[in-house]
Amino acid sequence: MAAAPSPSSVKPVPLLKDELDIVIPTIRNLDFLEMWRPFFEQYHLIIVQDGDPSKTIKVPEGFDYELYNRNDINRILGPKASCISFKDSACRCFGYMVSKKKYIYTIDDDCFVAKDPSGKDINALEQHIKNLLSPSTPHFFNTLYDPYREGTDFVRGYPFSLREGVPTAVSHGLWLNIPDYDAPTQLVKPHERNTRYVDAVLTIPKGTLFPMCGMNLAFDRELIGPAMYFGLMGDGQPIGRYDDMWAGWCMKVICDHLGLGVKTGLPYIWHSKASNPFVNLKKEYKGIFWQEDIIPFFQSATLPKECTSVQKCYIELSKQVKEKLGAIDPYFVKLADAMVTWIEAWDELNSPSDTNSSKKANGAPLPAAAK
């Protein structure tokens, strides 16, 4: 009788294998994929190479991938390539644009497989998919967190009329080891590490913003893809390291308007490398001041009822950015124009059936809860 395979040799069954792309921005060889091989090998990867396009990026054998560098971005988008950041991980959003799949998972190349408290490897992608396939509850907080997880439910006093929930557009994962801190916090806490594993997923309430981190993030591209623009950052811009947060603020305002949900919590990944806090401070310096005006702007932003698609919402938001944030610095006028260019490029590369997000967001049957 043959011996049963060891747990480490059993590959997980890939969920949504043909409906999900993994997007990775990088400037280096992707050796980190070896650790992710059991979880990523059966998925399609979109690699966006930042920096020098003449440099050859090596990808381990056995992965199905397409790789785009700056020359490819310029060739595909032409003059509209100006909306894609250069020398900044914000370039990853080009991968969102060229994908033809329903779902996107994006991860940084310094992130590795984390272990849960029992010592078992965490299949981050599987947990993100479960988050996205179960509804969200942005209109009323459940004190047992996600009521759709196995072993829990809605608590006493939760309105039955709201228990159906809303479609989940974004799943925001967290990180063990190196925390996602800004430069001033890095400087005063250089040795701090996150060792706290919290076994919870919760819906971010309607009307509440959050600092979205792009290093462990999944979303429903059909529901919210056009809003996941990581802005103008990096080379030639006065700010960096606010790309994912900018996308998060825009996305959350639009999700609230269209009746979509955002989840945060599980899954965890292992963030292995702390970036240089002095380099980060130079990138973040203006953002640290500007965010005190940017966040109140998003907190008070409203979208008219005529904005029935993600694209319409995003164009309207760009007008408000130009009008209200443009007075802070000319950069925001440039950013608002880039937001419009991004939507134009998105629509050129995606057919109407792919971009009619509002119909899918508001008219599709609610997905069954993933248990």
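This is a predicted model: local features need pLDDT of at least 70, side-chain atom pairs count only at pLDDT 80 or more; totals for chains, interfaces and linings use all residues.
1. Residues are numbered from 1 along each chain as its sequence is written, and side-chain values use heavy atoms, with hydrogens and water left out.

2. The secondary structure comes to 12 helices and 9 strands. These are DSSP runs numbered from the N terminus, with helices (H or I) of at least four residues and strands (E) of at least two. Of the contacts with a separation of 6 or more, 75% are between residues 24 or more positions apart; contact means heavy atoms within 4.5 Å.

3. Buried residues make up 52% of the 371 residues. Here buried means under 20% relative accessible area, exposed over 50%, and partly exposed in between, with a 1.4 Å probe and protein chains only. The chain exposes about 16,800 Å², of which carbon and sulfur atoms supply 55%. Accessible areas come from the Shrake-Rupley method with a 1.4 Å probe, and for residues only the protein chains shown count as cover.

4. As to charge, the chain has 41 positive and 45 negative side chains, and the centres of the two sets lie 2 Å apart. Lys and Arg count as positive and Asp and Glu as negative, whereas His and the chain ends are not counted. Each charge is placed at NZ of Lys, CZ of Arg, CG of Asp or CD of Glu.

5. The largest nonpolar core holds 69 residues, and Ile 224, Trp 246, Ile 254, Tyr 314 and Trp 342 touch the most other members. Such a core is a set of buried Ala, Val, Leu, Ile, Met, Phe, Trp, Tyr and Cys residues joined through side-chain atoms within 4.5 Å. Leaving aside neighbours within four places in sequence, the contacts of Ile 224 include Ala 169, Phe 219, Ile 254 and Val 310. A second, separate core has 30 residues, among them Leu 33, Cys 111, Ile 129 and Ile 269.

6. Ile 107 is found in strand E4 (residues 103-107) and is buried, with a relative accessible area of 0%. Not counting residues up to four places away in sequence, Ile 107 touches residues including Ile 22, Phe 32, Trp 36, Met 215 and Ile 269. Asn 276 is 169 residues from Ile 107 in sequence and 19 Å away in space, C-alpha to C-alpha.

7. Ile 84, between helix H2 (70-77) and helix H3 (93-98), is buried, with a relative accessible area of 2%. Beyond its neighbours within four places in sequence, Ile 84 is in contact with residues including Arg 70, Leu 77, Phe 94 and Trp 342. Ile 204 lies between strand E7 (201-203) and strand E8 (216-220) and is buried at 7%. The C-alpha atoms of Ile 204 and Lys 263, 59 residues apart along the chain, are separated by 6.0 Å.

8. Most residues other than glycine have a negative phi, and most peptide bonds are trans. A cis peptide bond joins Leu 266 and Pro 267, with omega about 10 degrees; Pro 267 lies in strand E9 (residues 261-271). Tyr 145, not a glycine, has a positive phi of about 60 degrees. Tyr 145 is found in the loop between helix H4 (124-133) and strand E6 (168-177), and counts as partly exposed at 41% relative accessibility. Asn 177, also not a glycine, has a positive phi of about 80 degrees. Asn 177 is found in strand E6 and counts as buried at 12% relative accessibility.
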